[in-house]
Amino acid sequence: MTDATPTPDDQHARVVVIGAGQAGLSVAYHLRRLGLRPGSDVVVLDRAPSTGGAWQYRWEALRLGSAHRVHDLPGMRAMGLRFDDADRSRPARDVVGEYYRRFEQHYDLQVRRPVTVTSVTRAGTGLCVTTRTPDGRVSRITADVVVSAAGTWGTPFVPWYPGRDTFRGRQIDTTEYRSASEFRGQDVVVVGGGTSAIGFLLELDGVARSTRWFTRRPVEWSDTAGLDLESAVAAVDEQDRAARAGEALPSIVSGTGVPVSRRIRAGIDRGVLHPEPVFVAMEPDGVVTREGEHVHADAVIWATGFRADLRHLAPLGLRTSGGGVVVADGRSADEPRLFLAGYGPQASTIGANRAGRLIARQVMDELSA
């Protein structure tokens with residue numbers, strides 16, 4: 001069952017899972033295996049209109065295999081589904097949305113959508129989750145335990161540069177990009193050193209009149225087409241250290257480098273993927289490089305990453321002066337009834353599935369305490 005389901009006022013559930021992306025569905029699957037009933041014991045809430053997590057918002061031209069690998073959800077292979085076998089000619093958003101829909105239906109996870117969680121507050125021995133539907137209806141669910149798997153797609157990060165507010169051209173972030181055709185014949189500046197920026201540049205090649213690529217740090221190219229294991233382990237370790245210290249989380253890509261596929265190699269060889277140090281200022285019709293060059297721009301695409309979406313947790317007062325939340329093994333150090341799935345070392349596809357099993361077991365321990 002994946003259609004929107006009205007949320008009864010003042011309902012109680014043993015566990016509320018916020019978010020039905022990879023991390024949230026993984027947790028819900030493992031809680032079901034451990035004996036909790038979806039829809040009553042475990043209530044999964046998702047603000048998105050459909051299945052697929054953040055993938056449903058990705059641009060039409062993105063295909064599976066052109067970005068970091070999408071790992072199978074736990075229990076997906078038992079259904080006969082594998083992303084490695086998926087049709088790569090179809091938009092990734094459609095494939096992931098379809099597979100996640102089949103997964104939710106097969107395991108009867110009863111995800112409620114679209115439901116936005118506006119706040120999580122303390123309520124006696126549990127937590128209270130306040131929600132709002134698109135028609136404005138406000139409801140509350142009290143829970144013994146809350147698992148926040150809200151991800152990052154809702155909180156893109158756009159840095160400020162002098163003159164940014166006076167730029168007369170178009171500015172968009174990664175979540176707003178739809179198609180290269182929108183920039184046909186334009187001079188486009190792309191900012192950011194990750195896979196999204198690279199994908200935009202490759203798609204804009206031959207469509208835009210010109211592109212210039214600016215990054216805040218040098219791009220580390222990986223010689224292998226796949227993710228280097230040693231670099232991935234180091235990146236996850238750094239994420240874990242930052243989460244335990246309550247610091248703002250570093251970028252996964254900054255720790256792993258960018259694998260050079262054949263498509264990316266061709267882009268490098270053509271000069272399309274030529275990163276330059278980020279500009280120092282913006283002007284009404286362009287940007288100014290460190291060397292003082294004026295680069296004309298009709299549009300600036302900010303592919304500058306995301307921050308963990310913690311806005312609904314603000315009433316709990318967990319954010320530190322370092323900009324993060326203290327989390328160890330997926331559990332809040334300052335609120336033991338709260339777990340954060342897909343946060344820190346569990347971010348992206350590197351650790352979200354493993355986190356589902358780990359967090360589900362800890363949730364069951366908390367419920368039986």
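Helices are DSSP runs of H or I with at least four residues, numbered from the N terminus. This model is predicted.

Arg 33 is found in helix 1. Is Arg 33 buried or exposed? Arg 33 is exposed, because its relative accessible area of 61% lies above the 50% cut-off. In sequence, Arg 33 and Arg 357 are 324 residues apart. In space, their C-alpha atoms are 9.9 Å apart.

**Helix 2**

Helix 2 covers residues 92-106, 15 residues in total. From first C-alpha to last it reaches 21 Å, close to the 21 Å expected at 1.5 Å a residue. Its buried residues include Val 95, Val 96, Tyr 99, Tyr 100 and Phe 103. Glu 104 is also buried. Helix 1 (22-33) is included in what covers the buried residues of helix 2.

**Helix 3**

Helix 3 spans residues 195-204. Nine of its ten residues are buried, so the rest of the structure largely encloses it. Among the buried ones are Ser 196, Ile 198, Phe 200, Glu 203 and Leu 204. The cover over them includes strand 7 (187-191), strand 8 (210-215) and helix 6 (262-270). Strand 15 (299-302) is also part of that cover.

**The nonpolar cores**

In soluble globular proteins, nonpolar side chains tend to be buried together. Here the largest nonpolar core has 65 residues. Which residues have the most contacts inside it? They are Val 15 and Leu 204.

Leaving aside neighbours within four places in sequence, Leu 204 is in contact with Tyr 177, Ala 180, Phe 183 and Val 188, among others. Val 190, Thr 211 and Ile 301 are in contact with Leu 204 as well.

Three strands form an open sheet in the order 12-13-14. The pairing is antiparallel. Strand 12 (281-283) and strand 14 (294-296) are the edge strands, each pairing on one side only. Neighbouring strands are turned by 25° against each other on average, direction ignored. Strand 13 (residues 286-288) is joined to strand 14 by three bridges. Gly 286 stands opposite His 296 in strand 14.

Methods
Residues numbered from 1 in each chain as written. Predicted model: local features only at pLDDT ≥ 70, side-chain atom pairs only at ≥ 80, totals over all residues. Heavy atoms only, no water. Helix = DSSP H or I, 4+ residues; strand = E, 2+ residues; numbered from the N terminus. Expected span 1.5 Å × (residues − 1). Buried < 20%, exposed > 50% of the residue type's maximum accessible area, 1.4 Å probe, protein only. Contact = heavy atoms within 4.5 Å. Core = buried A, V, L, I, M, F, W, Y, C linked by side-chain atoms within 4.5 Å. Pairing = 2+ DSSP bridges. Axes fitted to C-alpha atoms, helices over the stretch in contact; angles between N-to-C directions.
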